[in-house]
Amino acid sequence: MSGEARDACGVVGIYAPDEDVARLTYYALYALQHRGQESAGIAISNGDSMVVYKDLGLVSQVFDEPTLKSLRGHVSIGHCRYSTTGRNTWANAQPSFKSGPEGQVALAHNGNLVNTLDLKRQLDEAGGDPTPNRARLGSSNDTEIVTAFIARAQRQRDTRQALKEIMPRLSGAFSFTIMDEQTLFGVRDPYGFRPLCIGRFDSGGWVLASETCALDLIGARFIRDVEPGEMVSINADGLTSDRFAAPSVATCVFEHVYFARPDSALMGQNVYATRYRMGQRLAEESPAAAELVMPLPDSGVPSAQGYAQTSGIVYGEGFVKNRYVGRTFIQPTQAMRQQGIRMKLNPLREVIAGKRVVVTDDSIVRGNTTRQIVHMLREAGAREVHVRISSPPIKWPCFYGIDMPNQDELIGSQLSVEGVRDHISADSLAYLSIEGMIAATELPSDSFCTACFSSDYPIPIPERELHTKNVLETPRPRSD
Ligand code: SF4
């Protein structure tokens, strides 16, 4: 992956009277940092009142020891964000929070709603944000609207009843962790686009998290996934499950391909093993005559290992990655920018020179990074460069919580496979088929959203929402 499509967020929720909840939430967010690096926040309650602390930056930059010590309570939610609706501002950082005469509510969202404008209109008709001080803080995201809806419904009902009324009115992708002063809630949309799992501590406390890797880090054991269309409520009475919609499962296949951490399990399948099988299938579908299979680190590693195993070609590490180039990296000058990807990756001439090389990656978005990679490999002495991608060409934008470029910037939408090969100057280029990708998950073929590869959108996108997202084109016929 060229870092050109980004996940939308990681969410956490903890109910654990016998634990240091703020610290556990911090570590769980730390495990989910790959899902969002723009901002982070924690809301916590001691049963009577709630505190929210959030800021722009990485989890480790937002929180320090004194801050964590000041966050006391036994119910919490946490969030790390990459923006899909709304700019990267402090006000748009989550958890979002509303306080009204009947209570407080905080919400953390992974996903993206596709009826935001309708919800905004409904909220305005119902009287708008009920927060007495109108503390909207200039935020501009769909999450804020949902939180205001809940706060308004709280006026007549308890939070659980409010959620049961409101959730069926939402359309799009949402895995929420929500809390009032006493209760933690986890909600997953009927399609289950984004993951959300339930874990438990030996002490009896509960955890909700986007991925199982967060449970591992804080010593909780995996219990089960929150089901699509399910809401769980966790408080002193234990866990209660409500269904607010019949499931119509279409989980994001890209979570398996790229977004989730390889040490997580999605729908019961270990992500590393799935990616390894994708590499194996890629080798079966698109063999290459070569002396070396190497990954684009880190995301291409499991597929390269699978490709090498099936093809019998030697696996090697042909790039050294600088692991300290992150979002806080001081942007290079124009002259330095010519070095481009070299800031992050440096080829190992000793491994590459004189060889025909297969290089694997999980996807091509704009194609510019892949082109630089091929150029670097040739400079390092590769005799031939064969690019193998462990997913099909991305041709359509995502409206369900993944930030992708507009369709006219997706090279797979604009050029045929041969056109892309020519653009990146590879000797050969092949993508994994949609069928091969799905088969590698070893899950039922009707379990997935594949819209960015197939244009088969599980939820139609209202025209106005297309414009809201600045995606002005409707899907066009395939170009190859
Ligand atoms: S369009 Fe692509 S990235 Fe978006 S939810 Fe569907 S499979 Fe995932």
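This is a predicted model: local features need pLDDT of at least 70, side-chain atom pairs count only at pLDDT 80 or more; totals for chains, interfaces and linings use all residues.

Biologist: Where is S455 placed in the chain?
Modeller: S455 is in the loop that runs between α17 (451-454) and α18 (463-468). Its phi is positive, at about 65 degrees, although S455 is not a glycine.

Biologist: What is the phi of E442?
Modeller: The phi of E442 is near 55 degrees, which is a positive value in a residue other than glycine. E442 belongs to the loop between α16 (434-441) and β23 (448-449).

Biologist: Let us turn to peptide bonds. Which residue does a cis peptide bond join to P95?
Modeller: That residue is Q94, and omega of the bond is about 10 degrees. P95 itself lies in the loop between β4 (75-81) and β5 (96-100).

Biologist: And what kind of peptide bond joins P297 and D298?
Modeller: A cis peptide bond joins them, with omega at about -5 degrees. D298 is found in the loop between β17 (292-295) and α10 (301-311).

Biologist: A change of topic: which residues surround the ligand?
Modeller: Among them are R194, C252, V253, F254, C398 and Y400. The surroundings also include I402, M404, C449, A451 and C452.

Biologist: How many residues of each class does the shell have?
Modeller: The shell around the ligand has 10 nonpolar residues, one charged residue and no polar residues. The space that the ligand takes is the second largest cavity.

Biologist: Now the sheet, please. In what order do the seven strands of the open sheet come?
Modeller: The order is β3-β2-β4-β1-β10-β9-β11, and the pairing is antiparallel. The edge strands are β3 (50-56) and β11 (221-225), each of which pairs on one side only. On average, neighbouring strands of this sheet are turned by 15 degrees against each other, with direction ignored.

Biologist: What holds such strands together in general?
Modeller: Strands of a sheet pair through backbone hydrogen bonds, either parallel or antiparallel.

Biologist: How many bridges join β9 to β10?
Modeller: Four bridges join β9 (residues 197-200) to β10 (residues 206-209), and these two strands run antiparallel.

Biologist: Which residue of β10 is the bridge partner of G199?
Modeller: The bridge partner of G199 is V207.

How values were computed
Residues are numbered from 1 along each chain as its sequence is written. Side-chain values use heavy atoms; hydrogens and water are left out. A residue is near a molecule or strand if one of its heavy atoms lies within 4 Å of it. On a 1 Å grid over the protein atoms alone, a cavity is a set of points where a 1.4 Å probe fits but cannot get out, and a pocket is an open set with protein on both sides within 12 Å along at least five of seven lines; lining residues have an atom within 4 Å of a point. A molecule sits in a cavity or pocket if more than half of its atoms lie within 2 Å of its grid points. Ala, Val, Leu, Ile, Met, Phe, Trp, Tyr, Cys and Pro count as nonpolar, Asp, Glu, Lys and Arg as charged, and the others, Gly among them, as polar. Two strands pair if DSSP finds at least two bridges between them. Axes are lines fitted to C-alpha atoms, for helices over the stretch in contact, and angles run from 0 to 180 degrees between N-to-C directions.
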